Amino acid sequence: MYRRAAFVLLLACGIVSQLSHGVEVEVKDKDNKLCLYANLMVNFSVSYDTADNKSATVEFELPGAVTTDGSECDAKSSVLKLNFGEGHSWSVNFTVKDKVYQADSITFTYNLSDTTRFPNSLYNDTKTSTVTPHITDVELDTCYSCKSNDMIEDVSVNQTLWDVLVQAFVNNGSKSEQTTSCAADLPTTVVPTTHTTSTTTAAPVTNSTSTAAPATTTPTPTLPPPATGKYSIKPDANSTACLLADFGLRIGLKQGDKYEEMNLDPNVTAVSGSCAVNSSELVLVSNTMTITFTFTNDTKKFHLHALNVTGKTSSGVAFSEANTSLSLWEASVSSSYMCNKEQNYTITDLLTIYTFGLHVQPFGVKKGSFSTAHECSLDDTSILIPIIVGAALAGLILIVVIAYVIGRRKTYVGYQTL
């Protein structure tokens, strides 16, 4: 079974209207008052087995024609359910505890007998994926807001929410103007630097304090440079690549007073992922770690938006670090991004990644080859030319001045002798 699929969720129910920026939802109770509101984006990317013993990946958007049978609102719990197409549905369960609410589970059901969406499927049964979302601790009488990508993984389905605005328990039929923002939308600072004997990076910026935290020093990597892996993602076995990535990768992890580094070995790494219109994903799974890169584009430029790293240290301690508000490796959609020099990035307080010979293109790949590269500033040697010329001219002027002073001095001494 092909293990990966990207599924971008839409919260929608009740009165549904298709907007250019997504689907807006209003659910009303038995008194015809608004009890649930949502407005966000959604795409689907599902992988399945085909009759010719291969795997296929299909991508589609949630259609504007949906029904909301099965949706309901209560004082302590709410169910949001969308039904569309030939037997497909998506639902989310919300509950209230004390003065906050949360989404307890999300269930996506898709019917493989729908030949329009799943052509040549090996099976004709209905599949269900239930996951636990990251929507927690939302204050009552506020909307949950999250513009960042929020990826939720399952065995065969990945779900990614973004540009979310939802209020599960609306008071007195009026949507609140107050919001509770997700952690990923809070500002952070990521500083890329060249590798030296020690690297000083700025601490992440949070909303909880106005005083800058002291700089921290990342120990010098002691491992040999990692081998360069060449990774690619194809929509199906008969297509050319839609995502290309070449790089060597090392991670540095802090745990208490200990610091450990691990190289990603491309020879024992499984590759999976997906390509969509506005979001692409590369998943690398080795025997020590799983790394998920999420790229987004705004039709003109792309960048690395999110990075998730899970695994175990050499001592067997499990770890999981993620940042979903990055803005790295930016280039135009029609080009690739390249940085041959070694770089390191502080992803979280505990996680640093090192890249070697980096070259990525998550969108607009043509004929399976990299497009013209946008080089990082470290690779751009054009700036050295004026510096070298200026230094040469300065040295020449200095030589002329010294020669002139020496000549004048000898002339003066000659006059004194006469």
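In this predicted model, C143 has a relative accessibility of 1% and therefore counts as buried, since buried means under 20% relative accessible area.

From this cysteine the reader can turn to the disulfides. A disulfide is a covalent bond between the sulfur atoms of two cysteines, and a search of the whole structure finds four of them. When the bonded cysteines of the chain are numbered in sequence order, the pairing reads 1-2, 3-4, 5-6, 7-8.

One of these disulfides is formed by C35 and C73, whose sulfur atoms lie 2.1 Å apart. The pair links distant parts of the chain, with C35 in strand β4 (residues 34-40) and C73 in strand β7 (residues 72-73), 38 residues apart. The torsion about the S-S bond of C35 and C73 is about 70 degrees, so this disulfide is right-handed. C35 is buried at 8% relative accessibility, whereas C73, with a relative accessible area of 26%, is partly exposed.

Another disulfide joins C146 to C182, with an S to S distance of 2.2 Å. Because C146 lies in strand β13 (residues 143-146) and C182 in the loop between β17 (179-181) and β18 (193-194), the pair ties together parts that are 36 residues apart in sequence. Both C146 and C182 are buried, and their link is right-handed, with 75 degrees about the S-S bond.

A further disulfide is that of C339 and C376, with the sulfur atoms 2.0 Å apart. C339 belongs to strand β30 (residues 336-339) and C376 to the loop between β33 (373-375) and α1 (384-417), so the pair ties together parts that are 37 residues apart in sequence. C339 counts as buried at 0% relative accessibility, and C376 counts as buried at 5%.

Methods. Residues are numbered from 1 along each chain as its sequence is written. This is a predicted model: local features need pLDDT of at least 70, side-chain atom pairs count only at pLDDT 80 or more; totals for chains, interfaces and linings use all residues. Side-chain values use heavy atoms; hydrogens and water are left out. A disulfide is a pair of cysteine sulfur atoms within 2.5 Å. Helices (H or I, at least four residues) and strands (E, at least two) are DSSP runs, numbered from the N terminus. Buried means under 20% relative accessible area, exposed over 50%, partly exposed in between (1.4 Å probe, protein chains only).
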